[in-house]
Amino acid sequence: MGYVDWEFAKVTGRTLVSAGPSVSIDEAAAEVAAIREAARSARGPVAATSRMATPDGAPDALVVDRATWIALNADSMSAMLDPAFDAIVAKRGAAPPSGGMALVAGKVTGAEAGGLLAFMASKVLGQYDLAPGGTPRLLLVAPNLMAVARELDVDPGDFRTWVCMHEETHRVQFTANPWLREHLITSARELAL
């Protein structure tokens, strides 16, 4: 039994977060296509400016909705934090919680994590997910890109380009320096101790 019920965190987050701006299916499809194109187009200028490039085989950016962002980040948080929780319990010499207490504690912490993820899911424009134990990926949150461009009353194409170049810069930092991902994951786990 884990210390956080990550599946409950996903359910809680999906329940609490709004879908985002109201758009038609055609508008949503057009926005996703435009974000994907902006992400692909960002690679060249970022590589030219930074003199570092994302490897040729790197997957394209994943354009997601808020609920998918929550699910992916809950998985990453689990992979990042569960080993730290295990180490903390072992360091204290205590037995991990079990039975009903573990079930209740996991739900409570899952609800807290889900609430935090729901809040963040409505704010994050993009992210390079380090995905501890998994495959790192560049995420772009379509409803948030649309909402913020509207709120700021800026040209949506220019805004997409700016966000994609910013996020591609983060990806190239990690992919051009392969040691950096593991260093950051290890450091974050050690900080939790």
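The model shown here is predicted. Its chain holds seven helices and three strands.

**Overall layout**

- Read from the N terminus, the elements follow the order α-α-β-α-α-β-β-α-α-α.
- The C-alpha trace spans about 55 × 40 × 25 Å along its principal axes.

**How helix pairs are described**

- Two packed helices are described by two values: the angle between their axes and the distance between the axes.

**Helix H1 with helix H3**

- Helix H1 covers residues 6-16, and its axis comes within 9 Å of the axis of H3.
- The two axes cross at roughly 150°.
- That angle makes H1 roughly antiparallel to H3, because angles over 145 degrees count as roughly antiparallel.
- On the H1 side, the contact is made by Trp-6, Ala-9, Lys-10, Gly-13 and Arg-14.
- On the H3 side, the residues in contact include Ala-67, Ile-70, Ala-71, Ala-74 and Asp-75.
- Met-77, Ser-78, Leu-81 and Asp-82 of H3 also take part.
- By type, the residues of this contact are eight nonpolar, two polar and four charged.

**Helix H2 with helix H5**

- Helix H2 spans residues 25-50, and helix H5 spans residues 142-152.
- Their axes come within 10 Å and cross at roughly 95°.
- H2 and H5 are therefore roughly perpendicular to each other, since the range for that term is 65 to 115 degrees.
- Glu-31, Val-32 and Ile-35 of H2 meet Ala-142, Leu-145 and Met-146 of H5.
- Five residues of this contact are nonpolar, one is charged and no polar residue takes part.

**The largest pocket**

- The largest pocket holds about 300 Å³ of space.
- It is lined by 20 residues.
- Closest to the pocket centre are Asn-73, Ser-76, Met-77, Met-80 and Gln-127.
- H3 gives the most, with six residues.
- The lining divides into 14 nonpolar, four polar and two charged residues.

**Where the topics meet**

- Met-77 is in the contact of H3 with H1, and Met-77 is also among the residues closest to the centre of the largest pocket.

Technical notes:
Residues are numbered from 1 along each chain as its sequence is written. This is a predicted model: local features need pLDDT of at least 70, side-chain atom pairs count only at pLDDT 80 or more; totals for chains, interfaces and linings use all residues. Side-chain values use heavy atoms; hydrogens and water are left out. On a 1 Å grid over the protein atoms alone, a cavity is a set of points where a 1.4 Å probe fits but cannot get out, and a pocket is an open set with protein on both sides within 12 Å along at least five of seven lines; lining residues have an atom within 4 Å of a point. Grid points are joined across faces, edges and corners, and a volume is the space filled by probe spheres set on the points. Helices (H or I, at least four residues) and strands (E, at least two) are DSSP runs, numbered from the N terminus. Ala, Val, Leu, Ile, Met, Phe, Trp, Tyr, Cys and Pro count as nonpolar, Asp, Glu, Lys and Arg as charged, and the others, Gly among them, as polar. Axes are lines fitted to C-alpha atoms, for helices over the stretch in contact, and angles run from 0 to 180 degrees between N-to-C directions. Angles under 35 degrees count as roughly parallel, over 145 as roughly antiparallel, 65 to 115 as roughly perpendicular and the rest as oblique. Contact means heavy atoms within 4.5 Å.
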